[in-house]
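I opened the model to look up strand pairing, a few loop residues and some side-chain contacts. My entries follow in the order I made them.

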Amino acid sequence: MFLVDLANPTNATISDGHAVGTIQNHERQLHATFVEVNAGFVPYSAGTIAPSWGDVDADRDVDLPLQINGGRATFSEMPGFRPLLNNGNYHGAAWADYDRDGKLDLVMPSYDSLATHTLLVHNLGVDGFVDAAPALGMDVQGHGETPVWGDFDGDGWPDLFAPYYTYIFPYQCFLYHNNGNGRSPTSPTRRA
């Protein structure tokens, strides 16, 4: 709000020279508003799955782990994805096209040191998904946190940092250097 005082008019008279004005905040109209929608999420009650947005089917609608976005706030279960979860607990998730084949892949660290193994869900496109972690030595058991993909050495291939609680098994975090052959990351650099 502001105050206006008018005085000394030229070729006019002032009947009331005092006024209060208000500047409207148009930014309020530009900010997002949110409403809850029933998106039809398929429940996963066996454990936990961390959310992470990624366009796994390249249809320009971002998806979540286990959930395909059909557009207009409707979701359905990804075919062939649930069996890879093996009723486990996963804490943190991150999408990246680690083999640069044009399809997003997903890493999900375990959050149960007794039963759950970390998943590296390789997206095969129309052929579904496969867990690439065992073949790559990445199927770690432990209490993982949110992983981060990034090209730490600047070679154009996404590398992976997978943090785990260090006061319990496996007592370390892992830094996986992508070997750039289009297939898989290399063995981890331990004690990251």
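**Entry 1: a strand pair and its sheet**

I began with strand β7, residues 119-123, which pairs with β8 in the antiparallel sense over 3 bridges. Strands here are DSSP runs of E with at least two residues, helices are runs of H or I with at least four residues, and both are numbered from the N terminus. Two strands count as paired if DSSP finds at least two bridges between them.

**Entry 2: ground rules and confidence**

I noted that this is a predicted model, in which local features need pLDDT of at least 70 and side-chain atom pairs count only at pLDDT 80 or more, while totals for chains, interfaces and linings use all residues. Residues are numbered from 1 along each chain as its sequence is written, and side-chain values use heavy atoms, with hydrogens and water left out.

The mean pLDDT of the protein chain (the predictor's confidence in each residue, from 0 to 100) is 86, and 90% of its residues reach 70 or more. Over residues 186-192 the pLDDT is below 50, and this stretch has 20 contacts in the model beyond near neighbours in sequence. A contact means heavy atoms within 4.5 Å.

**Entry 3: asparagine 123**

I went back to β7 for asparagine 123, which is found in that strand. Is asparagine 123 buried or exposed? Asparagine 123 is buried, with a relative accessible area of 3%. The classes are buried under 20%, exposed over 50% and partly exposed in between, with a 1.4 Å probe and protein chains only.

The side chain of asparagine 123 has a polar atom 3.0 Å from the backbone oxygen of valine 56, and this side chain also reaches the backbone oxygen of leucine 104 at 3.1 Å. I counted a polar contact as a pair of N or O atoms within 3.5 Å; within protein, one must be able to donate a hydrogen and the other to accept it, and residues adjacent in sequence count only if both atoms are side-chain atoms. Leaving out residues up to four places away in sequence, asparagine 123 touches several residues, including Asp101, Lys103 and Phe129.

**Entry 4: salt bridges**

I took a salt bridge as a side-chain nitrogen of Lys or Arg within 4 Å of a carboxyl oxygen of Asp or Glu. By this rule the count comes to 2. One joins the side chains of aspartate 101 and lysine 103 at 3.4 Å, N to O. Aspartate 101 is partly exposed at 32%, and lysine 103 is partly exposed at 26%. Another joins arginine 82 and glutamate 77 at 2.9 Å, N to O. Arginine 82 is partly exposed at 28%, as is glutamate 77 at 27%.

**Entry 5**

I checked strand β3 (residues 67-71), where 4 of the 5 residues are buried, so the strand is largely enclosed by the rest of the structure. β3 pairs with β4 (residues 74-77) in the antiparallel sense over 4 bridges. In β4, serine 76 is the bridge partner of isoleucine 68. The hairpin has 2 residues between the strands, and arginine 72 takes a positive phi near 55 degrees there.

**Entry 5: aspartate 151**

Aspartate 151 lies in the loop between β9 (148-150) and β10 (159-162), and is partly exposed at 33%. Its side chain reaches the backbone nitrogen of glycine 154 at 3.0 Å and has a polar atom 2.7 Å from the backbone nitrogen of glycine 156.

Phenylalanine 169 and proline 170 are joined by a cis peptide bond, with omega about 15 degrees. Proline 170 lies in the loop between β10 and β11 (174-178). Tyrosine 171 has a positive phi of about 60 degrees although it is not a glycine.
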